[in-house]
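Subject: Structure for you to look at

Hi,

Here is the structure I said I would pass on. Please open it alongside this note. My findings follow below.

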Amino acid sequence: MVVGAVWIHARPSPAMLAAYEADPSLISFKLNFVTALQEMLATLTAGTIARAFA
């Protein structure tokens, strides 16, 4: 489920690509799939470990 959610958000629609071109300041919101997935999995793993020891 996480992979699917990150994949969808990391692949902007044609309209969003046009918005990035029209306003370059928006590019900071664009997700890199690999980086976003690594961060999401690290967060989920850290939370699971913390919860197991709580």
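Start with the helix pair: H1 passes H3 in a right-handed crossing. Bear in mind that this is a predicted model. H1 covers residues 2-10 and H3 covers residues 33-52. Their axes come within 10 Å and cross at roughly 145 degrees.

Which residues meet there? From H1, they are Val2, Val3, Val6, Trp7 and Ala10. From H3, they are Phe33, Ala36, Leu37, Met40 and Leu44. By class, this contact has 10 nonpolar residues, with no polar and no charged ones.

Now H3 itself. The helix has 20 residues. From first C-alpha to last, H3 reaches 28 Å, close to the 28 Å expected at 1.5 Å a residue. Look at its start as well. There, a side-chain oxygen of Asn32 comes to within 3.1 Å of the backbone nitrogen of Val34.

Is Thr43 buried or exposed? Thr43 counts as exposed, because its relative accessibility is 54% and the cut-off is over 50%. Pro24 is 19 residues from Thr43 in sequence, and their C-alpha atoms are 29 Å apart in space.

Between Arg51 and His9, the C-alpha separation is 28 Å. Along the chain, those two are 42 residues apart.

Best wishes

Definitions and conventions: Residues are numbered from 1 along each chain as its sequence is written. This is a predicted model: local features need pLDDT of at least 70, side-chain atom pairs count only at pLDDT 80 or more; totals for chains, interfaces and linings use all residues. Side-chain values use heavy atoms; hydrogens and water are left out. Axes are lines fitted to C-alpha atoms, for helices over the stretch in contact, and angles run from 0 to 180 degrees between N-to-C directions. Helices (H or I, at least four residues) and strands (E, at least two) are DSSP runs, numbered from the N terminus. A crossing is left-handed if the near helix is turned anticlockwise from the far one by less than a right angle, and right-handed if clockwise. Contact means heavy atoms within 4.5 Å. Ala, Val, Leu, Ile, Met, Phe, Trp, Tyr, Cys and Pro count as nonpolar, Asp, Glu, Lys and Arg as charged, and the others, Gly among them, as polar. The expected span of a helix is 1.5 Å times one less than its number of residues. A polar contact is a pair of N or O atoms within 3.5 Å; within protein, one must be able to donate a hydrogen and the other to accept it, and residues adjacent in sequence count only if both atoms are side-chain atoms. Buried means under 20% relative accessible area, exposed over 50%, partly exposed in between (1.4 Å probe, protein chains only).
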